[in-house]
Every structure is written in structure tokens, then in C-alpha cells.
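Here are my notes on the model, as numbered points. Please read them with the coordinates open.

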Amino acid sequence: MTQISSSASISVFSRNIAFMSKHPKLTAAVSALIPILLICILSKPHFATSDDYSHSYFAIGSLYNTRSYLDVYSLILISAPLALLYSIVDSIPWYSLLLFAGIWGFTAIAYWHIRHTLIPSYIRFLSFASILTIEISSTLYLTYSIVAFLFCAAGFMLIIPVAAFRNVPKIRFADVIGILLLALGFSLRPESGAGTFLMFLPFALWVLCINRHISSILRMVASILAVVFAWISGQFAYTHTEGWKDFTAYLNPGRTVTDSPHVDASVIQQVVPEFSENDVSMMYHWLFADQDVFSIDRFNRAASAIPAYSLHNIFLSGKAGIIFSFICILLVLLWAVMIVRSQSIVQNNYSWLLPTGIAIITIVEYAILLLHARPRTYVVLPILFTAITAMICTERLISTSELQNSISKPTKRVGKHAMTRMRTKQILIMLLTTVICLMFCSYVELTSVRTTKSYVGLKTPISRYFEYAKNHTNMIVIPSSDLVNYAYENVFTYSDIDIPSNVALPGGWRVATSVGDNFYSINGLEKGNLFIQSFKHKRLVFAGSKDTAEIVRTYLIEHTGKSVKLMKIENLGTAWGTDNYLYRLA
């Protein structure tokens, strides 16, 4: 009886294997979907950055009942379709689904890609384990910054096997999808798209110097044109849409100032003498809503005084960021060594160039991060992810029809002991890979848990000043940048958000958008000078810590010439380890 049951089990297993072999694309798609579903069911992830919440605010129309087809962080090829979907059914979390779709598509394409490579079993195991780790990490630590990299990487995986290593004049459906993914990834976050293109630069050089087929060069040109179109259409939309015409002029120098390491106020005052030391503090606290004070001209001058990249910035990057970056570099170097060893069976004297070039570019990208003092998790992770993806793409070098006949045959019989040693090394590599992947996922999970706890801590302060704003519609409530954007329970609860129309969100770049214009219109204020106008009309209430409230108080004294009292209204609770209150400034 037991023997019959065992035989039946083996038969079922064999049929499943046969089905998977006959339907590799379906198998890859289903396999990629399962981890995402399990994580969403078991943990209900939060967004990893405040920028992700802004996407939903603009697209769903949560801010002042204003749905915008443009976005402050993504270009129109992403923002317009997203807003259109929300206009059809606003109860579905389309933005979250977009990110999950990007992760799923990347993973499915990678699985299918790996399955069609002629590589040693331990390299195949390493590739599958790495892609699964990327999928789990990206889902746990969910942010558009990472998914934009994955969109572009997925596009390259569809294009590179043919463009870099073969000569296929016919346009394939995979080429079209790949180019579309490149445009969407770049539109989701242009900086991420640029970083991915840099990582895959060795393949472009390979096409120009080694492959040199017209069809391959045309695929490369089409990929570049797709990204150029995404960029031009995005900039055209900004400069020709009412309320957004000054946005890019405001954003670019502003980002240089706020995203670079903070400098002493005296450095900025040398080029912007109009700024007081307290004005610089307002700017670094993301409270630059008064555009007469924090104008485009002043941001441009301030940006000119700030060294965006310097050796000194490395010491400002933080020990954890530096160590994590070096660990990622080490992992990529190990990958490069194993790929080069696996490609040694190919009769091609240049096969080592691709993994070596990818490793060099990885070092360059991490060096740029450290010189800019920006080794943040949401940037460090995707550089590693795209480097691994690029390494996996080099595996197709020994899978192309032109090279399959060039695989060298052993010149001498391998001894039994040598074979045993080789298999032992491969098993050890697979075990080490498993341990590293588990440790990596655990690190990302801990990082995600810490982020989630921070969100939970913000729930009470936000709900309290929201309640105050609803009960005092004649007042203008301005929260500090620490108390905005995190109003959701998780990435699926979009329909629960209800931001009162008299709550201003001065952080970020909303003041230079049509959404910001509508806030002034709804509340009977003239555009610009949010703090000064609200104070003069005796309507200003600030939500934040005592130190930040004192900065706002000093700002009002300096720019109105009047005495300003800071009156505590209500205790909002603790967030980010600091007590927060509602303050009336009059």
C-alpha cells in the first residue's frame, strides 16, 4: 500500500514537472506572484519613504479635492495613467498595485531569463536565489525608488540577450515590451532610470565594439529614444500646464540644497545675504512655503554655494551606510568572480569584460553615493539589485546560438577525487548563498519593521491635528515636515485618508504646483507667503516640536517686524522620540 502511495506521489510530481517544462512562462509568472501575495497577506507592508505617499495624494485627489495628472516625483507617462485609474475607481490602491506589478514583472522575466541560460547548476541556483531575495526585499521595503530600477532592469533583460549577443533583424514582441518598461521605469523616477542605464553601459559598449550588428545597434538607439521621449514629454507637461510652469525651475536648485549635506548658514549667506540664520533653518526643516522669501532665484544662489560631492561628505554618510555600501560592493565582486569563472568555458577572449565592467560601475555608483553623503537604504539596495541583474544578463553570453558550438571540451579526463572536490565546492557555494540571502532578507525585514513602528507612532499626532483642523475651519494648520505624509494604516488603505482642506503641507515641492494653488484659493489666501499671510490674518496654528515652533516664531518676527507669541493649544503626543504640540502663533 505504501509502495502504491509512493508511486502515485512520484507520478504526480513528474506530471507537475512536465507541466512546468511545457509552460515556462506561466510557471515563471506564478512563481513570481506567490511571494508577493504571501507578504501582503501576512505583513501588509507600508511605504518605505514619504515620497511614496505623495504619489497617492496627487493621483487620488486627497489634497484639497484636487486630482492632478502631474506629479512632483514621476513624469507624465506614469502620473497621468495613474490619475486616470483613480478617476475611474478611487477605492483601489492603484499606486501600490503599480509597484507590486513592477516587482512581479521583474521577477517573472528574470526567472524565465535564467531558465534559458546554459550555466552550471550552482550559478543557476545562485541566480534564482538572488532574484527571490530581490523580490522579497523590494516587497518588504516598498518604494518607487527601488521599483523604478526594477522596471528598467526588466526591460534590459528582455532586450539584451538579443541585442548584445545575437543578430536578430526581426522586431520581437519582447523588444517592444522591454523598451516600454524602460520608458515607464525612467518615468517612475528619472534618477533611478539614469542609474540603471549607467549600470548596463558595458552592454552598450559590447554592442558597439564586439557585436556590431545593425539590428543590435538599432535596439540600443530605440532604448535611448524611449527614455528621451519620456523625459521630454514630462518636461513639456510641466512647462505647459497651468500651476506647474515654475515647478522644474523651483525643484532642481531646491533639491540641490535640501538633498545635499547641510552646510553652515554663513556659507549660504555669502551668496544669499537676504537669508538670516533662521531662514536657513526654515529651509532645512522643509518649511519653505513662502515663495517671496524662498524664491527660485535665492534657491539657485544657495545651490551654487553647496558642494554636492566632496571627500568630506563620506564622513557625513554615517557608519551604517558606509558599511552597508561596502558589503554590497563585496557581494557584486563575488558575483563577478563566479561569472568570469563560469564563462571560462566559452572560447571568447573578451567574455570577462562584461562582469568586470559591471563591477567597476557598481563601485563608481556607490562612490558617488558616499561622496554625496546619500547612502540611504532606498538607493543602496537598488544599485545592488541592478548590478546582480546585469551579472545575470551576462550569463546569456554562453547561451547564444553563435557561441554554443564554441564551448570547449575537456582535454583530459577529470579524476574522481577532483570531481568530488568540485561538487563539494559547488554545494558550499549554494549553502553560503542560502545563508547570505536569508541574512539579507532579515536585515530588510528589520529595517521595514523599524519604519512601520515609526508610522504607528505618527498616527496619534496626525489624527489629533486633523481633528483640530476639522473643528476649526477658520484656522490654517501647518504641520512640521516630520508630521506629514504618513496617514495610512498600510499601502492598501487609500480610501481612508481625509486631509482637511485647511491643513497646509509645506514640506516638499507642492507649493509650486496647481495643488498648492488650490489650497490658497480654497482658504481665501493669496498665492505664496503661507506663514506670513496666515499670521497676519490671525489664523496660523503650527503642529510640531517646541524647537521647530520657535524657528517658525523667529521667522515671523524677522519678516513681519511684529511681536509673536507662541501659545500651546494641545498635546499631540510623541513622534520620532519628540513631544509634539499644537501652537497658536499670534
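1. Helix α17 and its cover. The buried residues of α17 are covered by elements that include α9 (190-199), α10 (201-211), α16 (319-342) and α18. Helices (H or I, at least four residues) and strands (E, at least two) are DSSP runs, numbered from the N terminus. Buried means under 20% relative accessible area, exposed over 50%, and partly exposed in between (1.4 Å probe, protein chains only). In α17 the buried residues are L354, P355, G357, I358, A359, I361, T362, E365, Y366, L369 and L370.

2. Basis of the model. This is a predicted model: local features need pLDDT of at least 70, side-chain atom pairs count only at pLDDT 80 or more, and totals for chains, interfaces and linings use all residues. Residues are numbered from 1 along each chain as its sequence is written, and side-chain values use heavy atoms, with hydrogens and water left out.

3. Confidence. pLDDT is the predictor's confidence in each residue, from 0 to 100. The protein chain averages 84, and 88% of the residues score at least 70. Among the elements of the protein chain, helix α8 (residues 173-188) has the highest mean pLDDT (95) and helix α19 (residues 401-404) the lowest (43). Over residues 401-412 the pLDDT is below 50; this stretch has 15 contacts in the model beyond near neighbours in sequence. Contact means heavy atoms within 4.5 Å. Where pLDDT is low, the predicted coordinates should not be read in detail.

4. Overall make-up. The protein chain has 23 helices and four strands. Of its 586 residues, 54% are buried. Among contacts in the protein chain with a separation of 6 or more, 77% join residues 24 or more positions apart.

5. Length check on α17. The expected span of a helix is 1.5 Å times one less than its number of residues. For the 19 residues of α17 (residues 353-371) that should be 27 Å; the end C-alpha atoms are 27 Å apart, which agrees.

6. α17 against α18. How do the two helices run relative to each other? Their axes come within 10 Å and cross at roughly 170°. Axes are lines fitted to C-alpha atoms, for helices over the stretch in contact, and angles run from 0 to 180 degrees between N-to-C directions. α17 and α18 are therefore roughly antiparallel to each other. Angles under 35 degrees count as roughly parallel, over 145 as roughly antiparallel, 65 to 115 as roughly perpendicular and the rest as oblique. On the α17 side the contact is made by L354, P355, I358, A359, T362, E365, Y366 and L369; on the α18 side, by V379, V380, I383, L384, A387, A390, M391 and T394. By class, this contact has 13 nonpolar, two polar and one charged residues. Ala, Val, Leu, Ile, Met, Phe, Trp, Tyr, Cys and Pro count as nonpolar, Asp, Glu, Lys and Arg as charged, and the others, Gly among them, as polar.

7. α7 against α18. Helix α7 (residues 144-163) packs on α18 at an angle of about 10°, with the axes 9 Å apart. The pair is therefore roughly parallel. S145, I146, F149, L150, A153, M157 and I160 of α7 meet Y378, L381, P382, F385, T386, T389 and C393 of α18. The residues of this contact divide into eleven nonpolar, three polar and no charged.

8. T377. T377 lies in α18 (residues 377-394). With a relative accessible area of 17%, T377 is buried. T377 touches Y141, P382, Y443 and T447, not counting residues up to four places away in sequence.

9. A373 lies in the loop between α17 and α18. Phi of A373 is near 55°, a positive value in a residue other than glycine. A373 counts as buried at 11% relative accessibility. S317 sits in the loop between α15 and α16 and is also buried, at 11%. S317 touches I322, L370, A373 and P375, leaving out residues up to four places away in sequence. The C-alpha atoms of S317 and L371 are separated by 8.3 Å, although the two are 54 residues apart along the chain.

10. The buried residues are N278, D279, V280, M282, M283 and Y284. Their cover includes α12 (247-259), α13 (265-269), α15 (296-304), α22 (530-536) and α23 (546-560). W286 counts as partly exposed at 23% relative accessibility.
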